[in-house]
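Below is a short briefing on one protein structure. Look at the sequence and the model before reading the points.

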Amino acid sequence: MLEKLTNTFSDVFRNITGKSTITEKNIEEAVDKIKMALLEADVNLRVVRRFVNSTIEEAKGEKVLRSVDPGQQFIKIVYDKLVALLGDTKTDLKLKGPDTQSVVLFLGLQGSGKTTSAVKLAARLKKEGRKPLLVACDLVRPAAIDQLCVNAAKADVPVYKEDIALPGTAKDAVRIAKAGKEYAKKNGLDVVIVDTAGRMQIDDGMMKEIADIKDVLKPDEVILVADSMTGQNAVEIAKAFDEALQLTGVILTKFDSDARGGAAISLKSITGKPILFIGTGEKIEDFEPFHPERIASRILGMGDVVSLVEKAQETIDIEEAEKLAKKMQSNEFTLQDMLDQLQRVKKMGSMQSLLEMMPGLAGQIQDTDIDTSGMKVQEAIILSMTKKERENHLIIGPSRRKRIAKGSGTSVADVNRLIKQFEKTRLAMKKMSRNKGMQAKLMSQMGNMGGFGF
């Protein structure tokens, strides 16, 4: 995620913080490298100029040149300027209370991830206690309604649709949108999310259709879904949609695959519209609120510990963590417990996305550097065991190990290695349980981070 920018910023900061004193020349050289990195990242030229000029002006003041730690002061200035470009603070959806119906209108070009994002938002709102309804108004793309229904079923969110011959007309889309809103009202569904038709490119017909739907629904949010990997093209698309339909916000998809970041950095400055959410993967839960300060921190190689902790807390139940701690203290930790931890770590996302949130590792770790095969092998081996074997590893003799290896597609040596590692882990936990100080630290970590991963 935004690796190219992160690498450049890390190099610049490493160089400038290594100097005992900083001169105006040092600052100019550093800012020049940042300027080139932003341009290569496809950031809007006007945005780059504004960023560079304001950074140089502030960095050359006495606050930096004569401070005790000028390098850190410079980094702080760059961080603040980047946060400002990204939108200053997180922007929440402006929805009415749960007793009053809210309407969210989704729009965007084909291939931007509009339909998937609508489902992701619905799933998130449901998790927050709302009662969403998805309305299928994309009557142009043949698979759009099926895609919406299939993904909505996975998220257990209802869909309002009508069986008509496709492609439908603009009048059909307006009628279905209105009927979906009425359906939601009758069934006590408080957030109506309308998936509209996209096109391969902006055209008057599409804009007119969406404008008519907007007039009928009077939505609380008009959200554009844009592909972050298209850089400045996404910004230009946002400008066009905003001029015609007055957007309230933007969702950037494929953010996890965007190595440049031009769209994210330029969008707020050029359109004035906030980025509300980012898509960070293909799963329904790979959908995050856009926090400008956290994204700025990731770009600058400082990590994002807050998001990491939130991911852990979403996947680990505190009561389960406390039970696990008691098992560790009484030396009752089993292979089933180990399997549970492996699977919880997987739910938090890819190893690369987790490592990018760690300070100092952002931009330094690539997919090719991460070997996740060990975790997959461990999981396969434990899944091939019987319930009794997982609860009591001492009964796993030579014949059982041979059967487990065959069932998991591994070797007996792999099974032996796992059991040996497991026994070492249990021994370490037993020693730790005798140390009250380490025990307190362990419980604190479990409370804050949601458990352990192997």
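A residue is called buried when its relative accessible area is under 20%, and exposed when that area is over 50%. The model is predicted.

**Helix H3**
- Helix H3 covers residues 45-59, which is 15 residues.
- From its first C-alpha to its last, H3 reaches 21 Å, close to the 21 Å expected at 1.5 Å a residue.
- Val-47, Val-48, Phe-51, Val-52, Thr-55 and Ala-59 are the buried residues of H3.
- The N-terminal end of H3 is capped by Asn-44, with a side-chain oxygen 2.9 Å from the backbone nitrogen of Arg-46.

**The sheet**
- Eight strands form an open sheet with mixed pairing, in the order S3-S2-S4-S1-S5-S6-S7-S8.
- Strands S3 (159-160) and S8 (287-289) each have a single partner strand, so one side of each has no neighbour in the sheet.
- Strands S1 (residues 102-107) and S5 (residues 221-227) pair in the parallel sense over four bridges.
- Leu-105 has Val-222 in S5 as its bridge partner.

**Helices on the sheet**
- Helix H7 (residues 144-155) packs on the sheet and touches S2, S3 and S4.
- The direction of H7 makes about 165° with that of S2.
- Helix H9 (residues 204-217) lies across S1, S2, S4 and S5, at about 175° to S1.

**Gln-378**
- Gln-378 sits in helix H17 (residues 373-383).
- Gln-378 counts as buried because its relative accessibility is 12%.
- Leaving aside residues up to four places away in sequence, Gln-378 touches Met-338, Leu-342, Leu-418 and Gln-421.

Conventions. Residues are numbered from 1 along each chain as its sequence is written. This is a predicted model: local features need pLDDT of at least 70, side-chain atom pairs count only at pLDDT 80 or more; totals for chains, interfaces and linings use all residues. Side-chain values use heavy atoms; hydrogens and water are left out. Helices (H or I, at least four residues) and strands (E, at least two) are DSSP runs, numbered from the N terminus. Buried means under 20% relative accessible area, exposed over 50%, partly exposed in between (1.4 Å probe, protein chains only). Contact means heavy atoms within 4.5 Å. The expected span of a helix is 1.5 Å times one less than its number of residues. A polar contact is a pair of N or O atoms within 3.5 Å; within protein, one must be able to donate a hydrogen and the other to accept it, and residues adjacent in sequence count only if both atoms are side-chain atoms. Two strands pair if DSSP finds at least two bridges between them. Axes are lines fitted to C-alpha atoms, for helices over the stretch in contact, and angles run from 0 to 180 degrees between N-to-C directions.
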